[in-house]
Amino acid sequence: MRSRFFINSAAPSSLLSLVLTISSLPLMHAFSPGLRASDWPHFRGPASSGASMDASIPKDPKVAWSASLPGRGLSSPIVIGEKVFVTASAGPDQQQLQVLCFNAKTGESLWKRQLQATGRTMTYAKTSVAANTPCSDGKHVFALWSSNDLAAFDLDGNLAWLRGLTADYSNASNSLGMASSPVVVGKTVVVVIENDSESYSLGIDAATGKNLWKLERPKAANWSSPVPLPVKNGAPPAVLLQSKNGLLAVNAATGEKLWEHEAAASTMSSSIALSDIVYAPVSGITALSTSNSAEAPQTLWNSRQINPSTISPLLLDEKLFSVNGAGILTMAETKSGDVKWKLRLTGPFSGSPVGAGARIAIINEKALLQIVDSTAPEGALIGQIQLPLNESTKELTLCTPALAGNRIFVRTDSTLWCLSE
Amino acid sequence: MKLPVLLTTLSLAAAPLWAANNAETLIQTLASVGREGDGNEQASAAWKAAVALGPNALGAVLSQTGTGNPVADNWLRLAGNTIVDHALKSGKPLPFGELESFVKKTANNEAARMLAFDLLQQSDSVRAETLQRTLVNDPVQPLRRGAVAHLITAAAALQGDAAKKAYLGALEVVRDEDQTKTVSDALNKLGSPVQLQQHFGFLAKWHVIGPFDNTDRSGFEKVYPPEKEIDLTKSYDGKEKQVQWQPFESKDDYGKLDFNKPLTALKQSTAYAHTTFESATEREAELRLGCKNAWKVWLNGKLLFARDEYHRGQRMDQYKLKCHLRKGRNEILVKCCQNEQTESWTVEWEFQLRVCDSGGTAILPAKLDPNASR
């Protein structure tokens with residue numbers, strides 16, 4: 001493993017001093033001002049860590065409402081205020097791309113928009129074209145599909161802009177399907193379109209849909225999602241990209257490379273970046289210190305005992321949780337990586353765990369939602385609910401839940417579910 | 001397009017709902033968006049203004065659909081989609097008859113007809129369903145699909161000769177792979193096997209040559225002799241020895257040409273396949289390819305597309321390559337590269353290719369096309 005720090009050779013030493021000075025200031029994510037703490041604005045929640053500081057998870061969740069979806073998908077719902085948004089794809093070749101908006105309290109359908117795929121819609125049978133979770137800056141919803149169509153709507157369903165990223169870059173696709181979820185960092189929508197052929201990541205102006213930057217990336221399939229990096233006061237918003245070649249921190253507004261950590265990172269499970277530590281799916285999990293903005297990150301620890309497999313980890317109350325495909329939930333100390341307990345859940349899982357307070361929620365492929373008390377000495381399963389699936393369509397649940405208020409939102413291929421106490 | 005011309009194009013009677021005031025200007029802005037978001041700001045403003053016009057703007061939406069690029073079509077589609085959504089919620093009347101007429105007129109643009117059908121389905125699903133049953137010979141594949149589904153359902157309810165007759169009728173019009181398989185399987189059970197290779201128009205008779213080197217996937221970009229000349233009598237320096245063209249015919253129902261058969265199961269190798277296609281007329285067409293190896297396709301010496309992805313999946317019509325066929329002999333060259341992977345799912349070194357129109361109807365070579373001699 002090797003870490004590199006990029007700096008403009010013309011940068012004055014005073015800038016370095018400034019960076020070092022502010023490195024001790026409080027850290028925060030580059031959230032858009034339009035977002036509230038109660039929102040779940042993108043894949044794995046406000047900080048892309050799987051956790052919500054505002055929500056609570058019911059111990060014994062019950063169905064509050066459900067809504068049939070006109071298309072299939074495994075993208076997660078997102079929640080902005082009292083609206084929940086989810087994407088879907090329909091038609092024989094999943095050419096019909098849908099964005100659906102519901103009242104989060106009642107499940108009432110508020111609006112539906114449908115466009116036609118301009119890129120390739122072939123995917124592995126288990127996944128679908130609606131695989132990427134949408135994201136929001138609190139004013140808009142940015143929806144991306146496996147066809148690399150990217151659409152921005154305001155919260156009332158008015159189209160703000162469109163992009164066809166395979167129409168723009170004709171060899172950008174993956175015949176197994178794309179799945180990386182976009183994220184808004186500052187005023188930039190960061191999109192990972194990395195594949196075996198025309199592989200790149202984009203910073204797109206959230207206001208206009210135009211490129212702010214385009215980075216050529218390793219020619220290799222990559223389903224991991226970008227995560228916002230906590231920024232120190234005054235520093236520009238930054239985003240963390242990962243690939244089979246390692247981690248790359250990028251200025252979200254300009255695409256300028258900030259630092260690089262060369263190591264074989266997962267191309268499926270995504271990182272967590274909180275405070276000044278990155279927990280990356282590298283050889284199990286590797287913790288990297290980014291406390292000194294003027295230097296490349298330093299490895300704090302590595303643990304192969306925490307193996308997130310294809311699933312992304314959860315950081316909750318300074319504990320790291322990981323579920324493998326077989327259903328073993330592992331809790332590790334964030335300071336050392338030491339594993340404290342393992343709890344067998346009912347798998348198999350494709351979705352990632354989410355958490356709030358002391359509780360963790362995770363849903364398996366057969367739509368069994370399980371609630372875990374993360375503070376029990378060995379972890380404890382304290383509640384569960386089986387959601388119905390359509391056996392005739394071999395329906396599965398591959399999504400990661402969303403949390404808002406005291407509600408859990410999950411989607412199966414056919415239905416959006418709201419669960420509460 | 002001026003309003004009278006627009007109305008003529010849409011085959012409309014005088015309809016106040018359809019009369020556009022400044023809709024055309026706004027809609028043209030949507031149709032003009034370019035690559036990489038060029039024109040997005042103007043389009044965003046125009047979209048809101050056009051949607052505010054309500055159903056009055058639908059005529060302009062349809063007339064402009066298909067005049068720009070596919071992303072521009074989505075701007076227009078979402079305008080139409082939102083206009084109908086707002087009208088349904090507010091109780092505003094919608095031009096059902098005009099939408100239906102627009103769909104029926106096959107001279108209208110394909111994308112625009114699909115949009116008109118989708119808007120009709122959004123606003124009056126019963127009316128759309130009735131219309132759909134009449135589109136059994138529609139040149140637009142997605143529009144035809146619904147009508148064919150009704151034929152298959154009807155055939156499945158029959159027995160014996162009546163069923164066979166119904167399925168044979170469906171076979172005449174079916175284009176999609178899944179529906180064709182349903183029809184073919186039923187006819188096989190009824191003692192009337194289907195020649196799928198000919199039905200789809202797969203090209204089965206080829207000459208192949210290889211292996212050339214593809215170590216470290218370098219062969220994809222390397223220009224080997226078949227890319228410079230096609231002389232089926234010549235031999236060339238191959239990966240390890242001299243290689244020469246050899247005839248190879250695919251017996252696969254779906255026309256898969258498996259290089260592992262004539263060349264043996266190799267890795268890190270590149271091969272070529274060449275064939276000719278006699279076209280009865282000069283025309284627009286599509287070469288539709290399925291391939292899970294890196295590939296390039298040339299038509300009459302012109303590279304149509306190249307893709308360097310390995311073993312991520314293959315399906316029929318995976319890639320639709322628009323092309324222009326000459327009248328008479330057309331030469332097709334396919335380059336297909338096998339990489340270094342050794343997993344069991346990386347054995348395949350093959351492709352399937354067919355010639356068809358944009359609706360998926362096979363274009364048969366002139367010698368086999370019963371219409372060619374007319």
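# Close-up views of a two-chain predicted model

**View 1. An open sheet of six strands in chain B.** In chain B, six strands make an open sheet, ordered S4-S1-S6-S11-S8-S9, with antiparallel pairing. The model shown here and in the other views is predicted. Strands S4 (246–249) and S9 (302–307) of chain B form the edges, each pairing on one side only. From one strand to the next, the twist averages 25 degrees.

**View 2. Strands S1 and S6 of chain B.** S1 (residues 205–213) and S6 (residues 269–279) of chain B run antiparallel and are joined by five bridges. Opposite B:Ile209 stands B:Tyr272 of S6(B). S1 of chain B also holds B:Pro211. The peptide bond between B:Gly210 and B:Pro211 is cis, with omega about 0 degrees. B:Thr264 is found in the loop between helix H13 (260–263) and S6 of chain B. B:Thr264 is not a glycine, yet its phi is positive, about 70 degrees. Its relative accessibility is 46%, so B:Thr264 counts as partly exposed.

View 3. How many of the six residues of strand S11 (residues 149–154) of chain A are buried? Six of the six are, so the strand is largely enclosed by the rest of the structure. In a regular strand, side chains alternate between the two faces of the sheet. From S11(A), A:Asp149, A:Ala151 and A:Phe153 point one way. A:Leu150, A:Ala152 and A:Asp154 point the other way. All of these residues are buried, including A:Asp149 and A:Asp154.

**View 4. Two hairpins that share S11 of chain A.** Strand S10 (residues 140–144) of chain A is joined to S11(A) by five bridges, and the two run antiparallel. A:His140 has A:Asp154 of S11(A) as its bridge partner. Four residues separate S10(A) and S11(A) in their hairpin. In that turn, A:Asn148 has a positive phi of about 70 degrees. S11(A) also pairs with strand S12 (residues 159–164) of chain A, in the antiparallel sense and over five bridges. Here A:Phe153 has A:Leu159 of S12(A) as its bridge partner. This hairpin has four residues between its strands, and A:Gly157 takes a positive phi near 90 degrees.

**View 5. The largest nonpolar core.** Nonpolar side chains tend to be buried together in soluble globular proteins. The largest nonpolar core here has 80 residues. Which members touch the most others? They are A:Trp145, A:Trp161, A:Val189, B:Leu30 and B:Trp75. Helix H5 (residues 70–90) of chain B supplies the largest share of this core, nine residues. Beyond its neighbours within four places in sequence, A:Val189 is in contact with residues that include A:Cys135, A:Phe142, A:Trp161 and A:Pro182. A:Leu202, A:Gly203, A:Ile204 and A:Ala206 are also among its contacts. A second, separate core has 34 residues, among them A:Trp40, A:Trp65, A:Leu389 and A:Leu403.

**View 6. The interface of chains A and B.** Interface size is often given as the accessible area lost when the parts come together. Between them, chain B and chain A bury about 3,200 Å², with 47% of it on carbon and sulfur atoms. Chain B brings 35 residues to the contact, and chain A brings 41 residues. On the chain B side, B:Glu36, B:Leu78 and B:Arg312 lose the most area to chain A. Together these three account for 20% of what that side buries.

**View 7. A:Ser312 in its loop.** A:Ser312 sits between strands S25 (298–303) and S26 (314–316) of chain A, in the loop that links them. Is A:Ser312 buried or exposed? A:Ser312 has a relative accessible area of 2%. Buried means under 20%, so A:Ser312 is buried. A polar atom of the A:Ser312 side chain lies 2.9 Å from the backbone nitrogen of A:Ser270. Neighbours within four places in sequence aside, A:Ser312 is in contact with A:Phe43, A:Arg44, A:Ser269, A:Ser270, A:Ser352 and A:Pro353.

**View 8. Backbone details in two loops of chain A.** A:Asp317 belongs to the loop between S26 and strand S27 (319–323) of chain A. Its phi is near 50 degrees, a positive value in a residue other than glycine. A:Asp317 counts as exposed, at 55% relative accessibility. A:Pro348 lies in the loop between strands S29 (339–344) and S30 (354–356) of chain A. The peptide bond from A:Gly347 to A:Pro348 is cis, and omega is near -5 degrees.

Conventions: Residues numbered from 1 in each chain as written. Chains lettered and ligands numbered in written order. Heavy atoms only, no water. Core = buried A, V, L, I, M, F, W, Y, C linked by side-chain atoms within 4.5 Å. Buried < 20%, exposed > 50% of the residue type's maximum accessible area, 1.4 Å probe, protein only. Contact = heavy atoms within 4.5 Å. Pairing = 2+ DSSP bridges. Axes fitted to C-alpha atoms, helices over the stretch in contact; angles between N-to-C directions. Polar contact = N/O pair within 3.5 Å; in protein donor to acceptor, adjacent residues only side chain to side chain. Buried area = accessible area lost by both parts, 1.4 Å probe.
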